[in-house]
Amino acid sequence: MSAGADATYQVLVFSKTAGFRHDSIPAGVEAVRSLGATGGFTVTATEDAGAFTAANLANYRAVVFLSTTGDVLNDGQQAALQSYVDGGGGFVGVHAAADTEYGWPYYGQLVGAWFKSHPAIQQAVIRNEDRSHPATAHLGATWTRTDEWYDYRTNPRPNVKVLQTLDESSYTGGTMGADHPITWYHAQGKGRSFYTGLGHTAESYSDGNFRQLLLGGIRYAAGVSSALTPIEGEAYTSGQGVQIANHAPASGGKTLGYIDNGDWAGYSQVSVAGAKTFTAKVSSAGAGGTIQVRAGSATGTLLGTVTVPVTGGWETFQTVTTTLTGTATGPLFLVFTGGAGSLFDIDTLTLGTDGPARVSPNVHVFYYPWYGSPSVSGAWRHWEQGGHTPPADIGADLYPALGPYDSGDTAAIDQHMKWIRQSGAGVLVYSWWGRGGYEDGLARRVMDAAQREGIKVAWHIEPYANRTAASVVSDVQYLNQTYGAHPAFRNAFYVFESLKITDWTPLDQVTATNIVLAQTTDTSKIAHFSGMYTYDAIAGATAPGWQQAAAYAKQHNLVWAPSVGPGYIDDRAVPGNTTPTLTRDNGATYDKEWTNAINTAPTWVSITSFNEWHEGSVLEPAVARSGYQSFEGAYGKTGAAAQTAYLDRTRYWVERFQPLSAPTR
């Protein structure tokens, strides 16, 4: 159920009724479809409660309960919805969604309040209490309209943020008094819930104001919010040393240029209030350097810094970004530092209010925390594989830009998370070799760093000694218990070499609330799993069996997560290995695999890998070094730009899979 080329995310509309059935439901479904067509999301409408499984809900950014009534979900389906929302998903309740699941306490908390009664349909005045929310920003202080006005068993206000209330003096039959909430929202676990009591009549769904309210609620639940409009670098209002430079490829044909060490530029029209990220499109045939982001003046509060690399030319642009900290206000000032001579140019800049997100929750990259160095761990770990002697001689055909680092080094972890965010991948799949092991001991440190960059952490359950189906179930339970409360935790589990175990029946204990994937395209081998992935990036170049696997997954509401990779070479790590080598072909291999994957309409795309250096499948920046391969020439890039070529190309493909307009859920 992958989104189409122009869609940014998917929404599930559920309208099953086990009590009163509203004749406005068809109009409501069509209205949400129409909103999606223009609002950047695709809609799946269903009355089949079987859609509520962990695997299927993973396809959607938000679920809309459209005038559902009565007991519509069984225990397993309830557990799946609860896990979905508490794990970061979105819920939208419309009208009779409050007349649903009275026997399930969690649902009452999720929707905010249960329905009690209503008078006859009539006109009433709505007070728009909060007009800062996307659901109400288009409305005035009051709104007069006709609908069926619900009273609720309890006032939800203590537990929600109320957007709209009813003026009971404007109609007859209301019983809640002076404080009568009718539309509200709140955080629910790691997710979001929005509810409106409006929407009883079919006419509501052709009312532009109501449709905009509904769209705003869906966008809130889906976690969609926008960054500020890009600002032209040359639009500075004060400065020292800087000038406008003409460069045809730049936005508007001009840049902020002639930047030397110590120069600065101020933007009186740009406030830093609420800014969480700074992004700039830059070029440099000079020394490169650093941008300091400050508030109020060139010596004002420092909010963050970002390094500008040498891009290889004044008309060769690259995007740099950094997280901003603090709560300072005032106009934006940029201060520039670096070496001698010209440093860099700035084409456009953006202050974002969404934090460090803009990554895709549906692109997952395999991550390996198993490297060690004498300075941190007391000895080399993994870098010496194949009989090598680090640091100059390592068991890999490419050489890391960070050198042979230690996976426990906080600085290395932080840089990894920044690079993963740069790639657009929103989930790292953590190589895990069992409880109490080396990787288990580093997991929380990696999760802390991932959270700072808006990235989630899923789990690659590796083939540790004596692994069984029952032990994997125990692993899933252990990981949930140990790390499930962490905000970066993702309850998705990839089981490597799953075919080595023939009976996976025990998985039924955990798949109602977790997503567990088999490594195969053989659909006869995935009973009890939530879906499948391939891992093997070599196979991605030809994608054997992918279409059949994808079709099967879609038919059975399973997750399909084909794996793509930029290439494969392990000659130094495994001398004499007969595994075929897959050349990168300056990026053509990676492009081919992404194309093959997207053509199967996957649920997720998984990437092999961020940093499996022994197999040469890395996206992590590699440097040109004698005796080693490098990324020089990839996508026509050289120097520093080549080092991050595969990170940047990943973002290119992520945008074409499911464009990045929202933070992760």
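1. Tyr371 is buried, with a relative accessible area of 0%; buried means under 20% relative accessible area, exposed over 50%, and partly exposed in between, using a 1.4 Å probe and protein chains only. Trp383 also counts as buried, at 0% relative accessibility.

2. The model is predicted: local features need pLDDT of at least 70, side-chain atom pairs count only at pLDDT 80 or more, and totals for chains, interfaces and linings use all residues. Residues are numbered from 1 along each chain as its sequence is written, and side-chain values use heavy atoms, with hydrogens and water left out.

3. The structure holds 48 aromatic pairs. Rings of Phe, Tyr and Trp (its six-membered ring) pair if their centres lie within 6.5 Å; planes under 30 degrees apart count as stacked, over 60 as edge-to-face and the rest as tilted. Phe366 and Tyr535 are edge-to-face, because their ring centres are 5.1 Å apart and their planes stand at 70 degrees. This pair links distant parts of the chain, 169 residues apart: Phe366 belongs to strand β23 (residues 360-367), and Tyr535 to the loop between β29 (531-533) and α10 (546-555). Both Phe366 and Tyr535 are buried.

4. Tyr371 and Trp383 form a stacked aromatic pair, with 4.3 Å centre to centre and 25 degrees between the planes. Tyr371 lies in the loop between β23 and α6 (374-377), and Trp383 in the loop between α6 and β24 (399-400), so the pair ties together parts that are 12 residues apart in sequence.

5. A cluster linked by ring pairs includes Phe14, Phe52, Phe65 and Phe91, together with Trp104, Tyr106 and Tyr107.

6. The protein contains 13 helices and 33 strands; helices (H or I, at least four residues) and strands (E, at least two) are DSSP runs, numbered from the N terminus. Of its 665 residues, 59% count as buried. Among contacts (heavy atoms within 4.5 Å) between residues at least 6 apart in sequence, 73% join residues at least 24 apart.
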